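Subject: Structure handover

Hi,

Here is the structure I promised to pass on. Please open it first, then read my notes below.

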Amino acid sequence: MKAAVVQFKASTNKETNLKKIISYIKKAASKNATLSAFPEFMMFYTNSTQTPKQLANLAETINGNFVKTIATTAKENHIQVVGSFYEKSRKKDRVYDTSFVIDKTGKVISTYRKIHLYDALGFRESDKMASGSKIAKPVKTTLGKIGMMICYDLRFPEMSRSLAAAGSEILIAPSAWVKGNMKEEHWITINKTRAIENGCYVIAPDQVGNIYCGRSMVVDPYGKVLLDMKKKQGIGYVDIDLKKVKQTRKVLPLLKNRRTDVYPTLKA
């Protein structure tokens with residue numbers, strides 16, 4: 001099965017970005033991709049001058065025009081889509097950073113609200129966002145069983161391991177990885193590590209331009225980098241073979257060899 005990974009520079013204009021997204025979905029479908037994965041903050045770029053209230057006013061619900069238009073496009077082109085959007089919350093001047101999975105019929109079959117907010121290295125996402133409270137269960141797609149993460153979540157191995165133990169064959173992490181000292185090295189290392197330690201594919205579409213580093217990646221279950229989009233905007237294509245997940249987990253049975261009976265006994 002073929003996965004399409006989209007890397008692009010989002011503008012501050014929601015409608016402009018939506019037109020780009022629709023175009024990318026149609027192009028991916030024309031290349032016979034079964035799923036198209038987009039980066040975090042694809043809805044629009046939020047610069048440092050945008051206030052929490054302004055961001056909250058631009059956010060939408062899962063039934064809003066942004067996701068609904070993407071769902072319609074997915075249905076018309078018979079392709080699955082993984083993306084993200086700013087979701088309205090009940091907390092004043094706060095939004096959720098939410099990812100979604102849409103099937104070929106245009107139905108939203110899974111959503112996940114980012115639980116690890118990027119309050120690190122000089123950033124404070126919690127000033128504008130509310131954190132999610134639960135990990136979404138892996139969801140079946142024609143590409144494989146998908147576990148959803150978002151960007152900063154990749155730095156927390158507990159989450160990817162939980163998703164893998166729950167049956168994920170592919171981890172998809174829409175991202176907007178901020179540029180900086182050693183940041184690209186962290187990005188590459190972390191994506192490879194999450195794939196190796198869980199014996200699964202990792203698909204990590206990333207924003208490029210603005211303050212983000214690009215380098216959208218796909219890593220196979222044994223840690224081989226199948227795609228690195230560098231700084232290029234556009235679509236990368238990768239074939240996903242679930243037999244590799246099964247084979248890797250057989251010869252390197254990390255999930256099976258865990259000692260969950262011992263780990264909880266360690267105390268600070």
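First, a term for how much of a residue is covered: buried means under 20% relative accessible area, exposed means over 50%, and partly exposed lies in between (1.4 Å probe, protein chains only). This is a predicted model, so local features need pLDDT of at least 70 and side-chain atom pairs count only at pLDDT 80 or more, while totals for chains, interfaces and linings use all residues. Residues are numbered from 1 along each chain as its sequence is written, and side-chain values use heavy atoms, with hydrogens and water left out.

**Aromatic rings**

A pair of aromatic rings is described by the distance of the centres and the angle of the planes. Rings of Phe, Tyr and Trp (its six-membered ring) pair if their centres lie within 6.5 Å; planes under 30 degrees apart count as stacked, over 60 as edge-to-face and the rest as tilted. The structure has 10 aromatic pairs. One of them joins Tyr 118 and Phe 123: the ring centres are 5.4 Å apart and the planes are at 25°, so this pair is stacked. Tyr 118 is buried, at 10% relative accessible area. Phe 123 is partly exposed, at 33%. Ring pairs also link Tyr 118 and Phe 123 with Tyr 152 and Phe 156 in a cluster.

**Charges over rings**

A charge sits over a ring if NZ of Lys or CZ of Arg is within 6 Å of the ring centre and within 35 degrees of the ring normal. Lys 2 lies over the face of Tyr 237, 5.5 Å from the ring centre. Arg 113 lies over the face of Tyr 96, at 4.0 Å from the ring centre.

**Salt bridges**

Side chains of opposite charge can pair when their charged atoms come close. A salt bridge here is a side-chain nitrogen of Lys or Arg within 4 Å of a carboxyl oxygen of Asp or Glu. The structure holds 13 of them. Helices (H or I, at least four residues) and strands (E, at least two) are DSSP runs, numbered from the N terminus.

Take Lys 114 and Glu 125, whose side chains meet at 2.9 Å, N to O. Lys 114 and Glu 125 each lie in the loop between strand 5 (108-113) and strand 6 (139-140), so the pair ties together parts that are 11 residues apart in sequence. Lys 114 is buried at 1%. Glu 125 is buried too, at 12%.

Next, Arg 215 and Glu 184 form a salt bridge at 2.7 Å, N to O. Arg 215 sits in the loop between strand 11 (212-213) and strand 12 (217-219), and Glu 184 is in helix 5 (residues 183-198), 31 residues apart.

Glu 197 and Arg 194 meet at 2.5 Å, N to O. They are 3 residues apart in helix 5, about one helical turn.

**Helix 4**

In helix 4 (residues 157-165), Met 159, Ser 160, Leu 163 and Ala 164 are buried. They cover an arc of only 130° around the axis, which puts them on the same side of helix 4. The arc is that of the directions from the helix axis to the C-beta atoms. Their cover includes strand 5, strand 8 (170-172) and helix 6 (242-251); contact means heavy atoms within 4.5 Å. Just after helix 4, Gly 167 takes a positive phi of about 115°.

Best wishes
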